[in-house]
Amino acid sequence: MDFLNSIILLTNFIIVPGITYGSQLALGAIGVTLIYGVLRFANFAYGDLMAFGTMIVILVTWFLQSKGITLGLLPTALLALPVGILLTIAVSLFFDKTVFEYYRNKKSDPVTFIVVSLGIMFVLNAVVRIIIGPNDINFMDGHKFIMKAREFKQMTGLNEGLALKSTQVITLITTIITCSILFYFLNKTKTGKSMRAYSNNEDLALLSGIDPKKIVLLTWIIVSILATVAGTLYGLDKSFKPFTYFNNLLPIFAATIVGGIGNPLGAFYGGFLIAFSEIGLTYAYKKFFKYIMPEGLEPSTLIQFISTDYKFAISFAILIVVLIFRPNGIFKGKVI
Amino acid sequence: MFFSASNLTGGYGGVNIIEECSFNVNRGEIVSILGPNGAGKSTAMKAMLGILDLKNGTVVLNGKDITKLKTQDRIKLGISFVPQIKNIFTELTVKENLEMGAFLNDTNLLTRLEEMYDLFPIIKEKKDQFAGELSGGQRQQVAIARALMTEPDVLMLDEPTAGVSPVIMTELFEHILNIKKQNIAILMVEQNARQALEISDRGYILVTGKNAYEGRGDFLLNDKEIRKAFLGG
């Protein structure tokens with residue numbers, strides 16, 4: 001019985017949150033990796049692009065709620081998502097036309113692009129704060145729990161509860177759908193293959209008649225979809241605060257590089273790796289050991305590897321270790 | 001002449017790498033551009049493709065002046081090019097490489113793929129492997145097949161046998177002879193001058209960016225002076 005309790009404990013506090021957070025990071029990391037693969041720079045404005053998309057979703061959600069339109073059990077934000085995606089695509093294309101295109105035509109160094117993206121990051125960040133403010137916003141409505149911890153305990157008679165939030169299930173389902181479509185597109189369609197070809201060998205893609213302008217346009221569209229979806233899922237699951245999205249840039253970059261930059265499938269796995277490391281290493285295992293250790297041998301300390309306050313240090317450490325020992329990532333990617 | 005370039009002058013920056021170079025090639029003909037290192041062979045080819053800005057000269061395809069056209073537009077008109085390096089998509093499968101070759105026109109993709117499988121049996125065998133996993137000779141075959149997927153009238157090859165063993169080189173040249181039968185105009189730059197001339201109808205020898213000699217393949221092969229200077233005795 002105790003063994004069962006320990007499993008439920010880990011599922012509730014590590015596995016379920018890990019899968020949720022991992023999905024959100026994975027979607028973000030695939031976006032970063034696609035930009036790197038096609039446009040050849042690390043886009044620091046990505047976190048704030050996520051914030052921008054989520055902000056639009058929140059504004060539309062509020063508007064819909066004020067008109068009395070909701071999705072019932074599901075969060076209204078899902079209804080607002082398409083609008084958020086469209087406006088985020090518009091913003092991405094606006095910055096591409098006004099800023100990135102100029103440097104692309106000049107064939108600037110990747111470092112120049114990174115600094116330029118930093119500038120756009122500040123602009124987007126300011127825009128979001130001016131429009132919606134810097135505070136925490138909770139825009140989750142609809143049914144909050146699929147299963148409450150108390151209900152689970154009553155149902156099974158176990159000491160430990162297993163809670164399942166509806167946002168966690170929505171995150172997982174949305175991620176599966178989004179990634180399935182994306183990988184089908186990249187691997188099976190002519191346009192998707194041409195995108196991979198362009199990312200792999202730009203000169204030969206041009207010699208094959210692939211139009212670089214179309215590829216760039218398509219990349220921004222896909223990336224904006226991913227950013228908005230990832231941002232909204234994260235905001236629904238936790239809450240929306242512009243600064244958090246900027247902070248999430250680090251785990252997202254770590255996931256991208258761990259998976260091998262430029263490699264979408266690697267970024268997908270990288271997201272989960274970072275999420276599980278972060279949650280697994282900041283969790284206090286005292287109760288877990290209490291269940292599995294014989295009586296009298298229970299640990300007296302928290303058995304927490306590192307405080308939750310330092311969770312970003314974990315992404316950072318993984319990032320450094322990967323860059324030193326496997327600079328092209330666990331899965332085959334490009335070396336930065 | 002089906003495809004001709006005349007009086008090409010140009011280079012990078014202010015320096016001219018090629019001066020007053022002229023080449024031409026007909027359908028069903030193999031023409032080699034030979035010469036010592038740094039003679040401007042590859043540059044001449046790039047000039048014909050529109051990758052290099054020309055100061056002077058004209059490029060004519062099938063009676064149409066294409067000198068002002070961009071590279072991508074020339075490709076649409078039926079010129080295909082196999083670069084010397086980075087000439088395959090390493091992260092795509094062999095079949096996907098060929099599909100990318102047919103990007104502009106894939107109306108008869110399947111028959112075209114079958115034709116390539118017939119022409120290069122190794123490609124059929126390896127079609128689902130990543131092109132980056134192939135050997136040097138196999139990569140060259142994929143590269144040439146990718147270029148042929150567009151159903152080009154002119155095929156330009158930049159050192160197709162660079163870095164492969166003599167056995168593979170002979171095999172590649174045999175493939176090129178087979179391509180010639182499809183009534184394609186083939187223009188290639190080669191380091192292996194003697195072997196290239198053996199399969200060529202005509203050849204040009206460039207020295208310091210200028211046409212030095214030109215003529216039929218067997219004529220160049222048998223010329224004493226040329227043998228001594230360029231073909232190693």
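**Exercise 1. Find the salt-bridge partner of B:Glu99 in chain A, then describe the side of chain B that touches chain A.**

Step 1. B:Glu99 pairs with A:Lys193 in a salt bridge, and their closest N and O atoms are 2.5 Å apart. The rule here asks for a side-chain nitrogen of Lys or Arg within 4 Å of a carboxyl oxygen of Asp or Glu.

Step 2. Now for the elements on that side of chain B: α2 (71–76) and α3 (94–101) of chain B each supply at least two residues of the side that touches chain A. Helices here are DSSP runs (H or I, at least four residues), numbered from the N terminus.

Step 3. Sort the residues on that side of chain B and you get nine nonpolar, four polar and six charged. Ala, Val, Leu, Ile, Met, Phe, Trp, Tyr, Cys and Pro count as nonpolar, Asp, Glu, Lys and Arg as charged, and the others, Gly among them, as polar.

A word on the model: it's predicted, so local features need pLDDT of at least 70 and side-chain atom pairs pLDDT 80 or more, while totals for chains, interfaces and linings use all residues. Residues are numbered from 1 along each chain as written, chains are lettered from A and ligands numbered from 1 in written order, and side-chain values use heavy atoms, leaving out hydrogens and water.

**Exercise 2. Work out how much area chain B and chain A bury between them.**

Step 1. Start with contacts (heavy atoms within 4.5 Å): 19 residues of chain B touch 17 residues of chain A.

Step 2. The two chains bury about 1900 Å², with 56% of it on carbon and sulfur atoms. That's the accessible area (1.4 Å probe) both parts lose on being put together, summed over both.

Step 3. In chain B, the residues losing the most area to chain A are B:Gln72, B:Phe89 and B:Phe103, together 32% of what that side buries.

Step 4. Count the salt bridges between these chains: three.

**Exercise 3. Describe how α6 and α7 of chain A pack.**

Step 1. Helix α6 (residues 166–188) and helix α7 (residues 190–200) of chain A meet at an angle of about 75°, their axes 5 Å apart. Axes are lines fitted to C-alpha atoms over the stretch in contact, with angles from 0 to 180 degrees between N-to-C directions.

Step 2. α6(A) and α7(A) are therefore roughly perpendicular, a label for 65 to 115 degrees.

Notes: Parallel < 35°, antiparallel > 145°, perpendicular 65-115°, else oblique.
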